[in-house]
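Trainee: I would like to go through this model term by term, setting each value against its definition.

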Amino acid sequence: MKERAVAQVALESTVISHGLPYPRNLVLATEMEEVVREHGALPRTVAVIGGEMVAGLDRSGLERLATGLDVRKVSRRDLPIVVARGLDGATTVATTMWIAHRFGIEVFATGGIGGVHRGSGVDISADLQELAQTPVIVVCAGAKAILDLPATLEYLETFGVTVVGFGSDEFPAFYSRSSGLPVDVRCDTAAEVAAIWRTKRDLALPGGLLVTVPVPHEHEIPPAEIEPVIERAVDEAERKGLRSAQVTPFLLTRIAELSDARSLAANLALLKNNARVAAQIAVALTS
């Protein structure tokens, strides 16, 4: 009799080392892992510890990332540097996908993916190319609302990445449940997502599957309220001359300040909600 596969969910680690202060970061990391367990899957938080790629941090590893002062934020380009020099690294969406696939994990839960930045459109997150080439299901609340959402969706279409709306016909706008932009397909159950993923594999199509989950109703910030805040923060970033990796951390911090921490509350809620949906999909894949 064939042994049943274990349902597993990868979790990123940048939110631990670069997203929140201690001890809130450690609390969130443990809560997300617990949500995954409660819904029948095994959490595998991904990071680089002392130059070793890890998919499944123990308590000491989580604490090391939560309290470390020299934890490097690791995108794909940084991975060989951090591994070769024996450093600690917190993995972004792109790098978490790559490591998860290396460890045989098919489902990954995060907050929001990177995408095409507002403005000239020349600043494009590595997350999009990773989705185009690495076979992992990424469960998120859409792209971060600070980005150019139409351009991000256009990029995903160009590179053949199917975008699923989980319980929604529209692409969520991170803090808001709706963006007015359609997804490629709506799925109302984890089993429907699993069926699309199995078919993609059977067709030997490259890349991942993007499953977008709207932020819970009670934590949503309506577009009319959050958009002026985002525009102000983006304008401030431009006036400061911020570029590349400097932009997103500044914008997320500034938006939290300008929204009286409502954006932070929404972010925490959607992270745990995404972990729940990812666990359900992982279980459906092993059924």
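Trainee: Which residues touch the most other members of the largest nonpolar core?
Mentor: Leu210, Val211 and Ile281 do, in a core of 101 residues, and α11 gives the most to this core, with twelve residues. The model is predicted, so local features need pLDDT of at least 70 and side-chain atom pairs pLDDT 80 or more, whereas totals for chains, interfaces and linings use all residues. Residues are numbered from 1 along each chain as its sequence is written, and side-chain values use heavy atoms, without hydrogens or water.

Trainee: What makes a set of residues a nonpolar core?
Mentor: Its members are buried Ala, Val, Leu, Ile, Met, Phe, Trp, Tyr or Cys residues joined through side-chain atoms within 4.5 Å, where buried means under 20% relative accessible area (1.4 Å probe, protein chains only; exposed is over 50%, partly exposed in between). Leaving aside neighbours within four places in sequence, Ile281 is in contact with Val107, Ile137, Val139, Ala190, Val193 and Val211, contact being heavy atoms within 4.5 Å.

Trainee: What covers the buried residues of α6?
Mentor: The buried residues of α6 (126-133) are Asp127, Leu128, Glu130, Leu131 and Ala132, and their cover includes α5 (93-102), β7 (137-140), α7 (149-158) and β10 (209-212). These elements are DSSP runs, helices (H or I) having at least four residues and strands (E) at least two, numbered from the N terminus.

Trainee: Why is Ser125 called a cap of α6?
Mentor: A side-chain oxygen of Ser125 lies 3.0 Å from the backbone nitrogen of Asp127, at the N-terminal end of α6; a polar contact asks for N or O atoms within 3.5 Å, one able to donate a hydrogen and the other to accept it, so the pair qualifies.

Trainee: How is a cavity told from a pocket?
Mentor: On a 1 Å grid over the protein atoms alone, a cavity is where a 1.4 Å probe fits but cannot get out, while a pocket is an open set with protein on both sides within 12 Å along at least five of seven lines; lining residues have an atom within 4 Å of a point. The structure holds one cavity of 30 Å³ or more, and the largest cavity has a volume of about 50 Å³, its lining being Leu11, Glu12, Val15, Ile16, Ala29, Met32 and Thr45.

Trainee: What volume does the largest pocket have, and which residues lie nearest its centre?
Mentor: Its volume is about 1200 Å³, and among its 44 lining residues Lys73, Lys144, Thr248, Pro249 and Leu252 lie nearest its centre. α10 gives the most to this lining, with six residues.

Key
Grid points are joined across faces, edges and corners, and a volume is the space filled by probe spheres set on the points.
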